[in-house]
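Student: I have a structure to study and would like to go through it step by step. Could we begin with the strands?

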Amino acid sequence: MAERLTTDPLPLLRDLIRIDTTNPPGNERACVDYLTARLAHRDELNVKVLARTPDRANLIVRFPGRGVAPPLLLHGHSDVVPVTGQRWQHPPFAAELIDGEVWGRGAVDMKGGLSMMLTALTRLHESGQRPAGDVVLAVVADEEHGSINGARWLTAEHPELFSGIRYGIGEEGGAGLDLAGLRIHPVVVAEKRACWYRATVRGPGGHASRLSPPGMAAGQLGTLLTRLSGARLPRHLGPAARRMLTDVAQALPEHLATAVRALRDDPTDAPPAGLPQAAALQLDSVLRHTVNPTVIRAGDKINVLPGEASAELDGRILPGEHSREEFEAEIRALIGPDAELDLLVEGLAVRQDRIAEPMFGGFYDLLTELTSKADPGAVPLPMVTPAATDAGFFAGLGIRCYGWLPMNLPAGAEHRTLLHTADERIPVEALEFGTSLLTELLRDYR
Ligand SMILES: [Zn+2]
C-alpha cells in the first residue's frame, strides 16, 4: 500500500477497492483510517473525522484557498453495494488490472470518483497552487443504505462544516444515454427522489378447491398491476428536463432530433415515437413521476385463497416543487380507491427556494467548457437522473450540486450501467481523464 497519496489515482483506487466497505455493514472507518494516515503530513489541511457510530466514519478535508471565491464542495461516498448473488469474471475486491481496466466493486461507484477527487487535491498541492476558494472534500459513509451515518447525519448535525459553500460536485448516479452513437459527458443538474409504497388489497379467503368468490385479493392485485404496467403519469416539464431535451436534440441527426423535440413540445403528450426504446423510456421518464410494482406478495399455500395481496411500488418524484400528495393523487387516479397505500420511504424534497443559484449559467458552463476542451468529439449534456444520491442532502443546505465525474468512455460503453451489478470496472484512461478535469476545475473555479 502507498505510504502517502501520490499524483497517480491508480494505486489509490486499487487500495480503496481492496478495503471492503460493503454496506451493510459498511465499516467505512477502515477507508477513513487509510486516507487520514496518508494525509496526515499535510498539516496545512484541516482534517476532521466525524462518526455517528464508531465504525461508520466520515472524513472532511478542507484545503485552504485564496479566499476570493466561496468554498467549493467535493463529496463522495466510501461505501459500496454488496456483491452477493452476482457472478463476477474477476474477484470484486482484488482490484485486478486487466487490459487497461481496474476491476472491482466501487471502481466507478464511487471509489473511482473518490480517487479522482483526492488525487486532484494532491496535484493541486504539489503544484503549489491555491484554489480561489477553500475546497471542502467530504468522504462520507452510508450513501448506499439511506445515508443515516453519512450525508444525512452530517448535514443535519454539522451544517457549519459546509457553510458558505455555493457549489458541490458529486457522483453521476450512472447517468448516461445510449443514442445514435453519441459519446456524452453527463452533468447531472437535478435528481428525482424516491417515494416508495406498499399497495395492499384484501378479499375473501377460503378453500382454493372451488370457484373463487368475487373480489378475491389475487385478482384485485392483478387488476392493479395491469393498470400500473407501462402507465405514463401526467406530464410535468421542468426547466432541467427542458434543457436536457433541447441539448440532446441539438446533438442528434435531424430525424432523431425531431422525435426528441416532439417529446419536449407535444401538448397532447403522445408516447415518444421514432426513438430506440431504451432512449425513449429514459427521456420520457424525466417528463413525469414514475411508479413501478416490484415486490409482489400473495399467499403462501397452494390450496388457500389469500385474503391479502400486496405490491411494493418504486415511485420516483420529479425534481422541483412536486409534493408527495400530488404524486399520490396521480397514483390513486390510476389504481382507483380500493388499495391501501402505505408509505415506506420518502426521499428528501429539496427546497428549490433555498438554492440561490440557477442550475445553468456560470458554474455549469465552466463544467461543460472544461469537458468540451478535453474531449472535443463528445457532447456534454445536462441530465436529470432517476437515481437519488447524497446531492439531495447537500442541496438541502442551499448548495447547488452537480453530478460530474467525467470519464472519456466510448459511445455505448457499458461502464455506467455496471454500477451495482457484476463486473464493475473503470478504464485507467477514464480515471486519469476525470482526475485531470477535476484538477482543472479546482484551478479554474472562480
Ligand atoms: Zn454511488
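Tutor: Strand β4 and strand β5 (residues 101-103) are joined by 2 bridges and run antiparallel. Two strands count as paired if DSSP finds at least two bridges between them. Strands (E, at least two residues) and helices (H or I, at least four) are DSSP runs, numbered from the N terminus.

Student: Which residue in β5 is the bridge partner of Leu97?

Tutor: The partner of Leu97 is Val102.

Student: In what order do the strands of that open sheet come?

Tutor: The order is β4-β5-β17, 3 strands with antiparallel pairing. β4 (97-98) and β17 (425-427) are the edge strands, each pairing on one side only.

Student: Before we go on, what kind of model is this?

Tutor: This is a predicted model, in which local features need pLDDT of at least 70 and side-chain atom pairs count only at pLDDT 80 or more, while totals for chains, interfaces and linings use all residues. Residues are numbered from 1 along each chain as its sequence is written, and side-chain values use heavy atoms, with hydrogens and water left out.

Student: Thank you. What does strand β2 pair with?

Tutor: Strand β1 (residues 46-51) pairs with β2 in the antiparallel sense over 6 bridges, and a hairpin joins the two through 5 residues. Leu50 stands opposite Asn58 in β2. β2 also pairs with strand β6 (residues 135-140), again antiparallel, over 5 bridges; there, Val139 in β6 is the bridge partner of Leu59.

Student: Why is β2 described as largely enclosed?

Tutor: Strand β2 (residues 57-63) has 6 of its 7 residues buried, so the rest of the structure largely encloses it. Buried means under 20% relative accessible area, exposed over 50%, and partly exposed in between, with a 1.4 Å probe and protein chains only.

Student: Where do His77 and Glu171 lie?

Tutor: His77 is in strand β3 (residues 72-77) and Glu171 in the loop between β7 and β8 (184-191), so the pair ties together parts 94 residues apart in sequence. Both His77 and Glu171 are buried.

Student: And how many aromatic pairs are there?

Tutor: Rings of Phe, Tyr and Trp (its six-membered ring) pair if their centres lie within 6.5 Å; planes under 30 degrees apart are stacked, over 60 edge-to-face, and the rest tilted. By this rule there are 6 aromatic pairs. One of them is the stacked pair of Tyr167 and Phe363, 4.1 Å centre to centre with 5° between the planes. Tyr167 is in strand β7 (residues 167-170) and Phe363 in helix α10 (residues 362-374), 196 residues apart.

Student: Are those two residues buried or exposed?

Tutor: Tyr167 is buried at 8% relative accessibility, and Phe363 is buried at 4%.
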